[in-house]
Amino acid sequence: MIVQQQNHPAVLKVLVANSDRSSRAALAAIMQSMGIQPVLVEHGAQALEYFRESMPDIVIMDAIMPIMDGYEATRQIKQACGNTFVPVVIITARGNDLALRDAIDAGADEFITTPYSVEAIKARIQALLRIRDMHEVLHRLQQQQQHELRLAEHLFTNILARTTQQISGVSCWQYAATQFSGDIFLARQGPGGIQQFLLADFTGHGLAAAIGALPGADLFVAMSEKGFSIGDIAVE
């Protein structure tokens with residue numbers, strides 16, 4: 001049976017899995033005092049079912065439960081998380097190294113032994129939620145960076161394609177170690193049929209190196225078309 005407490009709606013939601021009714025109620029009260037909405041289930045299978053339907057912000061589960069214990073439920077929940085970080089706390093009466101090893105092997109992010117103090121469990125939950133928030137920020141920054149890199153790569157490729165000429169008998173093959181880099185090869189035929197080539201490797205990799213390549217390409221094209229020597233172009 002899944003019981004969702006809705007007396008104190010909050011942005012954050014915690015999934016509490018515990019086969020003992022009084023323990024579930026105690027954890028629910030702690031979460032509500034922190035402004036977190038608790039969702040209560042009786043065993044690991046219910047926890048996994050709810051998690052797949054509506055991913056909570058954090059999971060707290062007892063180690064020993066019927067049907068599916070907390071270790072197996074944690075293992076499957078972590079697999080279902082994908083790239084999203086959802087903290088999982090395992091609570092157990094076994095305060096020994098073997099219990100800790102089992103929790104870590106299952107993928108738990110925190111290990112709490114009973115009896116526990118209310119303030120201690122609050123502090124650990126708050127710490128895990130801060131870690132979760134940092135993961136979300138880093139994930140958004142990573143997505144933004146990947147978007148900017150794809151855009152920069154598109155612009156970089158198009159600009160270089162417009163600034164180089166196909167000259168008979170000359171071909172070039174390039175392979176960047178990163179998504180794109182500051183390595184450029186340009187060819188231009190200036191006044192009087194003089195052919196000039198620019199092979200440049202800007203220091204570094206990625207966007208930082210590519211930034212220098214773009215004005216370099218513009219200078220090469222503009223000065224080649226005006227008949228400047230390759231030496232003057234290199235100095236400029």
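Author: A salt bridge is a side-chain nitrogen of Lys or Arg within 4 Å of a carboxyl oxygen of Asp or Glu. This is a predicted model, in which local features need pLDDT of at least 70 and side-chain atom pairs count only at pLDDT 80 or more, while totals for chains, interfaces and linings use all residues. Residues are numbered from 1 along each chain as its sequence is written, and side-chain values use heavy atoms, with hydrogens and water left out.

Reader: How do you know that R101 forms a salt bridge with D102?

Author: The closest N and O atoms of R101 and D102 are 3.1 Å apart. The structure holds nine salt bridges.

Reader: What makes D109 and K78 a pair that ties together parts of the chain?

Author: The closest N and O atoms of D109 and K78 are 2.6 Å apart, and the two residues form a salt bridge. D109 lies in the loop between α4 and β6 (110–113), whereas K78 belongs to helix α3, so the pair ties together parts 31 residues apart in sequence. Helices (H or I, at least four residues) and strands (E, at least two) are DSSP runs, numbered from the N terminus.

Reader: Why is the pair of R124 and E110 called a salt bridge?

Author: Their closest N and O atoms are 3.9 Å apart, which is still within the limit, so the name applies. R124 sits in helix α5 (residues 118–163) and E110 in strand β6, so this pair joins parts 14 residues apart in sequence.

Reader: Why does R124 count as partly exposed?

Author: Buried means under 20% relative accessible area, exposed over 50%, and partly exposed in between (1.4 Å probe, protein chains only). R124 has a relative accessible area of 34%, so it is partly exposed. E110, at 22%, is partly exposed as well.

Reader: What makes Q196 buried?

Author: Its relative accessibility is 9%, under the limit for burial, so Q196 counts as buried. Q196 is found in strand β8 (residues 195–201).

Reader: How do you know that the side chain of Q196 makes a polar contact with the side chain of S224?

Author: A polar contact is a pair of N or O atoms within 3.5 Å; within protein, one must be able to donate a hydrogen and the other to accept it, and residues adjacent in sequence count only if both atoms are side-chain atoms. The side chains of Q196 and S224 are joined at 3.2 Å, so the pair meets the distance limit. The side chain of Q196 also reaches the backbone nitrogen of I230 at 3.0 Å.

Reader: What makes a nonpolar core, and which residues touch the most other members of the largest one?

Author: A nonpolar core is a set of buried Ala, Val, Leu, Ile, Met, Phe, Trp, Tyr and Cys residues joined through side-chain atoms within 4.5 Å. In the largest, of 25 residues, L15, V59, M61, Y71, I77 and I90 touch the most other members. Among the elements giving two or more residues to this core are β2 (13–17), β4 (58–62) and α3 (70–81). Apart from it lies another core, of 17 residues, including V16 and L128. In soluble globular proteins, nonpolar side chains tend to be buried together.
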